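Dear colleague,

I am passing a structure on to you, and I would be glad if you kept it open beside this message while you read. My notes on what was found follow below it.

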Amino acid sequence: MRLRPLTSRGPFVLAGLLVGVFASCDYDPGHADLSFGLSETTMASLDDVGLASSSPQVSGALTTLFGTPQDPHYLITGDMLDEDENPNLAGEFELTEEQWEAIARDNRSRRFLRQLDLIASERFAEVPEPLYAGDLWAIWTRDFAPLHTGEASEDGGPATTVDPASAFPVDDLWVPGLPEDGATWAEAARLLFVQWYPSMRESAEMYRAQCLHCHGVDGGGNGPTGEFLEPRPRDYRLGKFKWIAVENGKRPRRQDLVNILMQGAYTTAMPNFARFSSGQLHGLVDYVRLLAMRGETETRLVLEMGDSDSGDLPLDTIQSTYSAVWANWRDADENYVAADVVVPRWDQMSVEDQVTRGEHGRELFMGTLANCFSCHGMDGRGADAPNLPISLAEVVDADDHEIDPEYEARGGYRWVELKDANGQTLTDAEGHAKRDLYRIKPDDWGNPSMPRNFTQSIFRGGSRPIDLYRRIKYGITGTIMPAAEAGISDGDIWDLVIYVKTLANSTDLARVYEHKRAALAELHEAEHGDAGHSNDHDDDDDDDDHTDTDTNDDDASGH
Amino acid sequence: MLMRITVTLLMAALLVFGLVSWADYDFWLMGPSPSHYTWWWPEEMSTLGQHADNLFWLIMVMVTVMFVITMGALTYSIWKFSAKRQDKAVFSHGSHKLELLWTAIPAAMLLVIAFSQMSTFAAMQFDSSMEDENGEELPVLCEIWASQFDWRFRYPGRDGRFGTNDDFESAYELVIPMRDREPDHDKKKNIFLLRSRDVLHSFFVPHLRFKRDAVPGMTQRIWLGVDDEQLAEIMADREDKSFDIICAELCGWGHYKMSGRVRVLPDAEYEKWVDEMTALQFGNS
């Protein structure tokens with residue numbers, strides 16, 4: 001047999017492979033066929049009332065109100081015009097002056113850095129297309145054509161290349177933030193980029209690139225990556241967000257959502273997006289708000305439909321539902337709480353004060369009024385505690401075939417061994433431990449509730465004292481963490497915060513122990529006089545034991 | 001003949017493609033990039049940066065020379081000795097001299113690399129480089145936490161101790177002092193603890209020529225020093241006041257999202273920043 005080093009096919013196969021590799025670099029999966037859908041809950045409840053065939057009515061109404069993923073927008077209704085508010089220009093009206101300044105600063109220093117560099121050096125023709133700013137690019141190529149092409153623009157702008165130092169035709173063209181006394185073309189070009197706030201369409205494009213793979217097309221937390229994550233991505237469609245600075249159940253402020261984008265939800269798969277400019281983040285928030293409102297409207301429309309006899313959706317019902325949903329979001333800023341609360345500076349507090357206040361916090365923690373321990377456990381380890389806090393779960397029948405395998409896979413069920421009064425495990429006739437199956441209560445999104453383990457020092461909604469204060473005072477929206485009872489004063493809440501932070505801060509905890517140990521030693525000495533002098537060492541050991549049993553916190557300190 | 005020409009053309013095409021994409025950043029990125037981005041190393045601004053760069057160039061030159069020689073020999077052999085179908089195979093038992101030669105040359109090269117990097121490696125990695133004159137450990141500036149998928153920086157706050165209530169965290173942005181009050185160039189050091197919450201990550205700051213794996217369960221002491229003259233030079237024509245932190249270890253599906261920034265401040269401004277962060281920590285916003 002003759003050896004043949006390469007068949008004559010070889011080079012062509014190689015060439016084909018190379019072409020394939022390079023061609024796929026330009027692969028664009030496209031998004032033209034993306035469309036908003038209806039949630040499973042919607043379909044189920046429509047089915048329940050025998051209106052499954054009417055689902056196109058709901059999706060049609062939603063498309064009219066909120067557009068499509070390619071062209072998202074709010075329907076402008078009469079009452080919006082009355083209030084002189086155009087939600088499609090969300091940023092224009094809802095941002096404070098400082099926020100606008102921050103956006104302009106960011107555009108100048110980060111987002112359009114390269115474009116602005118080239119504009120400053122008057123190399124207009126070289127300005128490259130920016131990412132996630134298609135609308136801006138359209139304005140640039142159309143209205144500013146005379147500046148970089150030397151040809152007449154379609155809108156009948158100047159026919160020849162303009163002098164960058166000549167006056168910008170304010171009457172024909174518009175650029176945000178133009179000074180009243182006019183500007184030059186170069187100045188207008190700079191302002192166009194500096195002042196640019198992304199349109200809803202641009203933000204939707206960015207959402208598709210950055211968020212969709214977890215949060216899904218319609219914000220249901222059901223993107224392709226979502227199902228592999230623990231905890232699951234947020235489902236916006238309930239309109240509920242956890243890490244907010246408003247009262248329980250209220251809609252978040254724009255700033256709350258921006259904060260989450262800036263900080264991420266630590267230890268979840270939600271990273272921070274601080275690498276984007278503040279304009280882009282505000283734009284993303286606009287789009288997330290649209291998705292949340294769309295989801296809420298969807299749920300309400302289905303309820304309305306079920307309530308009506310005909311199963312029809314009259315126009316005024318759609319309108320009133322839409323307005324009602326909008327009102328909640330519009331008023332979010334007014335629900336901002338704890339703006340004037342004074343945070344105790346316990347970095348400047350004496351250890352004695354810290355111990356006293358923390359001790360009071362612990363009493364509240366273990367008490368029945370605040371009732372923290374019933375979920376977070378005696379040692380503050382929450383869902384990680386060896387003994388499942390009972391109020392977290394309910395007994396289910398293990399043989400019941402309705403155990404949800406998906407919920408089980410996410411840690412929704414736990415076996416708990418039965419114990420007698422002495423703490424001995426009960427056994428059945430065959431010597432097996434008796435145990436019950438508990439189902440951990442789900443939160444509003446259907447995820448098992450996992451109370452925070454304080455000893456890990458991880459707080460997803462922020463670890464600052466004010467963040468914890470808000471969590472305790474107003475609870476966490478959508479979860480079983482309730483708002484504080486009326487009987488708990490602000491001072492009490494701060495004491496709780498101090499206690500919780502002490503559990504989280506290892507050095508603080510050690511200092512508290514040291515302090516208490518010293519106090520106990522003093523007490524011990526006062527009681528026993530000078531008698532203990534000969535065996536100081538033993539005394540110390542005794543004190544250690546006292547401290548530990550006294551506080552019941554030896555587990556926490558071990559961490 | 002057809003095959004030889006095709007292969008040659010393909011290789012030439014690859015070379016041109018590589019050169020073009022190297023020269024034109026946008027060719028690959030297919031999008032905008034800040035003007036200071038480059039395919040090559042960015043400017044260095046670390047107190048050890050010059051040493052790192054020297055080592056890089058030493059190795060670069062050595063491997064380039066070897067690459068050109070070996071690839072040249074390979075290409076020549078392919079061309080010259082490409083099998084003609086009528087040829088019979090030739091059997092050879094090799095050459096003892098040649099074997100010795102091509103073992104000794106790489107060994108010598110490796111030795112050169114090994115000896116030339118020793119002092120830099122020691123300055124970068126050894127514990128003694130993170131101690132003061134009395135052998136005491138220098139205080140830690142902040143903890144660098146890597147997790148899927150972000151960087152988080154935990155500062156001990158005003159009291160300089162971790163695990164106390166004035167600790168504060170900074171997501172995304174690592175702020176470090178320039179140590180401009182320290183006259184000694186070699187003592188401009190900031191000590192960090194590098195830790196990971198979940199899987200392997202790698203803390204990479206190209207401008208500081210620093211890269212180190214973050215390993216779960218392991219706390220590593222590392223140090224970074226900023227050369228203030230170099231920094232001033234870089235800042236002179238740069239509007240962006242911070243530098244990239246990159247995760248250089250594929251850490252999961254969101255690896256590409258895992259970015260951060262380093263901002264270097266003069267000592268006085270750094271202290272102001274710490275005050276601001278402390279105020280924010282106890283603020284009510």
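How many bridges join S4(B) to strand S10 of chain B, and in which direction do the two strands run? Before I answer, please bear in mind that this is a predicted model. There are 5 bridges between S4(B) and S10(B), the latter covering residues 259-265, and the two strands run parallel. One place to look for this pairing is Leu174(B), which stands opposite Val262(B) in S10(B).

These two strands belong to an open sheet of 5 strands in chain B, which has the order S4-S10-S9-S6-S7 and mixed pairing. Its edge strands, each pairing on one side only, are S4 (173-177) and S7 (210-214) of chain B, and from one strand to the next the twist averages 25°. As a reminder, the strands of a sheet pair through backbone hydrogen bonds, and they may do so in either a parallel or an antiparallel way. Lying across S4 and S10 of chain B you will find helix H6(B), residues 267-281, which runs at about 135° to S4(B).

If you then step back to chain B as a whole, you can count 6 helices and 10 strands in it. Its radius of gyration is 25 Å, whereas the globule rule gives 19 Å for 285 residues, so chain B is more spread out than a compact globule. Along its principal axes, the C-alpha trace of chain B spans about 85 × 45 × 40 Å, and 22% of the 285 residues in the chain are buried. Of the contacts in chain B between residues at least 6 apart in sequence, 65% join residues that are at least 24 apart.

Among the helices of chain A, H11 (residues 200-210) and H14 (residues 278-307) pack at an angle of about 90°, with their axes 8 Å apart. An angle from 65 to 115 degrees counts as roughly perpendicular, which is why H11(A) is described in that way relative to H14(A). The residues that make this contact include Met206(A) and Tyr207(A) of H11(A) and Leu284(A) and Tyr287(A) of H14(A), and by class the contact has 7 nonpolar, 3 polar and 2 charged residues.

Val325(A) counts as buried because it has 23 C-beta neighbours inside 10 Å, where 20 or more are needed. Although Val325(A) and Thr297(A) are 28 residues apart along the chain, their C-alpha atoms are separated by 6.5 Å.

Finally, the contact between the two chains takes 43 residues from chain A and 37 residues from chain B. On the side of chain A that touches chain B, H1(A) gives the most, with 5 residues, and the residues of that side divide into 21 nonpolar, 12 polar and 10 charged.

With best wishes

Notes:
Residues are numbered from 1 along each chain as its sequence is written. Chains are lettered from A and ligands numbered from 1 in the order in which they are written. This is a predicted model: local features need pLDDT of at least 70, side-chain atom pairs count only at pLDDT 80 or more; totals for chains, interfaces and linings use all residues. Two strands pair if DSSP finds at least two bridges between them. Helices (H or I, at least four residues) and strands (E, at least two) are DSSP runs, numbered from the N terminus. Axes are lines fitted to C-alpha atoms, for helices over the stretch in contact, and angles run from 0 to 180 degrees between N-to-C directions. Two residues are in contact if their C-beta atoms, placed from the backbone, lie within 7 Å. Angles under 35 degrees count as roughly parallel, over 145 as roughly antiparallel, 65 to 115 as roughly perpendicular and the rest as oblique. Ala, Val, Leu, Ile, Met, Phe, Trp, Tyr, Cys and Pro count as nonpolar, Asp, Glu, Lys and Arg as charged, and the others, Gly among them, as polar. The radius of gyration is taken over C-alpha atoms; the globule rule is 2.2 Å times the number of residues to the power 0.38. A residue is buried if 20 or more other C-beta atoms lie within 10 Å of its own, exposed if 12 or fewer, and partly exposed in between; C-beta atoms are placed from the backbone.
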